Amino acid sequence: MAVYPAAGYQPETSFQIGAIAVVVVPSNNQSGYDRPTSITPFVLYTFKNQVLSAINADIFFKNGINLEISPRYFNYPDNYYGIGNDNDPDAFEKYTNRFWQLEGRLFKPLNDKTFVGLSFDLQNNKLKDLEEGGRLDSELINGVDGGNNIGIGPAFKYDSRDNTLYPTDGYLISAQVRTSQLGDFSYTNYQLDFRKYLSFGSDKNVLAFNVNTNFTSGDNVPFYKLPQLGGDERLRGIANASLYRDKQSFYAQTEYRRHLFWRVGVVAFLGVGDVAEIVSDYNFNEFKYVAGVGYRFAAIKDQKLNLRFDFGVSRGGQTAFYLGMREAF
């Protein structure tokens, strides 16, 4: 276990300070696939007066049961840019989204690589500090009154990675369907995530590939649950993770990872993606492109759980910095 002071910057938060703990329990699985349990709680306070607290846990039990779970509490002053793929990074209104969330997936193994299970998302939102006369205050936008979101549905995962913390070989293919009918909203979300890893020369050189689709059906979707681009995992370099959001999203990204010496490594990445109301609205000329570089530091000796610092550039000259834990994908 290790505990670190945390300081960093993201477009959505400005500068942030706090603490993060890292717990890694080595795998006792004899299948040949290294799947350690990892738990990373953190508490952060940002210069935008945001409070972010969460526990990200990926737990493997002796019988092969896998629990991915993330309880979160955010008191989060945020920006609303509108819905769509052509929003102006400089045209937004401020509001505060205070929410708690319990999100995760519970898997049962069918064999060493294939898992089936249940996906769940329980969330309560309260919005406040809306700008008087702004779009959130005056327009009929789903979710502006907050409420309860209860999503549940089947999940599938095929995982042949040689290591879940820092894979150098193998695939991760996951799919899930969450339908939200029991709370204050009514919609269904479909997600597919494909990841491929390969090393060349030695395991110090790794190429990682990721393709993700996130589709939504139904007309009663809170705006803050719409698929988005940007942030520290999806197309790093977009000026704000709230800038582009709509009912459908896709993105593809690739990353070259190089271990240099001791606990230090570097990366370079590229990505492309977009959002749309319906899939047929996608237009190649409007796709969002990103590129960037990053620095890596292994948080625990002999465990490849990295602290990462990334800098990305997006189409139109947008830039963004990120400090996080684990690889982006």
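In the predicted model, the chain exposes about 15000 Å², of which carbon and sulfur atoms supply 58%. Of the 329 residues of the chain, 52% count as buried. The secondary structure comes to 1 helix and 16 strands; the radius of gyration is 19 Å, close to the 20 Å that the globule rule gives for 329 residues, so the chain is as compact as a globular protein of that length. The C-alpha trace spans about 60 × 40 × 40 Å along its principal axes. When contacts with a separation of 6 or more are considered, residues 24 or more positions apart account for 56% of them.

The second largest pocket has a volume of about 370 Å³. Its lining is formed by 21 residues, of which His259, Trp262, Arg263, Ala298 and Lys304 are the closest to the centre of the pocket. The elements that give two or more residues to this lining are strands S11 (202-220), S12 (248-261), S13 (264-276), S14 (288-300) and S15 (303-314). In terms of residue class, the lining of the second largest pocket divides into 8 nonpolar, 4 polar and 9 charged residues.

Tryptophan 262, which is among the residues closest to the centre of that pocket, is found in the loop between S12 and S13. With a relative accessibility of 63%, tryptophan 262 counts as exposed, because the cut-off for that class is over 50%. The backbone of tryptophan 262 has a phi near 45°, a positive value in a residue other than glycine. Most residues other than glycine have a negative phi.

A positive phi, near 55°, is also found in leucine 235, again a residue other than glycine. Leucine 235 lies in the loop between S11 and S12, and with a relative accessible area of 0% this residue is buried, since the cut-off for burial is under 20%. Not counting residues up to four places away in sequence, leucine 235 touches Leu229, Gly230, Tyr251, Ala252, Gln253, Gly271, Val272, Gly273, Lys288 and Val290. Among these contacts, Tyr251, Ala252 and Gln253 fall within the range of S12 (248-261), Gly271, Val272 and Gly273 within that of S13 (264-276), and Lys288 and Val290 within that of S14 (288-300). Leucine 235 and tyrosine 289 are 54 residues apart in sequence, whereas their C-alpha atoms are 7.8 Å apart in space.

Glycine 317 is placed in the loop between S15 and strand S16 (318-325), and its relative accessible area of 56% makes it exposed. From C-alpha to C-alpha, glycine 317 and glycine 237 are 9.2 Å apart in space, although 80 residues separate them in sequence.

Serine 70 is buried, with a relative accessible area of 12%. Leaving aside neighbours within four places in sequence, serine 70 is in contact with Ile55, Asn56, Gln101, Leu102 and Glu103. The C-alpha atoms of serine 70 and asparagine 240, which are 170 residues apart along the chain, are separated by 22 Å.

Key
Residues are numbered from 1 along each chain as its sequence is written. This is a predicted model: local features need pLDDT of at least 70, side-chain atom pairs count only at pLDDT 80 or more; totals for chains, interfaces and linings use all residues. Side-chain values use heavy atoms; hydrogens and water are left out. On a 1 Å grid over the protein atoms alone, a cavity is a set of points where a 1.4 Å probe fits but cannot get out, and a pocket is an open set with protein on both sides within 12 Å along at least five of seven lines; lining residues have an atom within 4 Å of a point. Grid points are joined across faces, edges and corners, and a volume is the space filled by probe spheres set on the points. Helices (H or I, at least four residues) and strands (E, at least two) are DSSP runs, numbered from the N terminus. Ala, Val, Leu, Ile, Met, Phe, Trp, Tyr, Cys and Pro count as nonpolar, Asp, Glu, Lys and Arg as charged, and the others, Gly among them, as polar. Buried means under 20% relative accessible area, exposed over 50%, partly exposed in between (1.4 Å probe, protein chains only). The radius of gyration is taken over C-alpha atoms; the globule rule is 2.2 Å times the number of residues to the power 0.38. Contact means heavy atoms within 4.5 Å. Accessible areas come from the Shrake-Rupley method with a 1.4 Å probe; for residues, only the protein chains shown count as cover.
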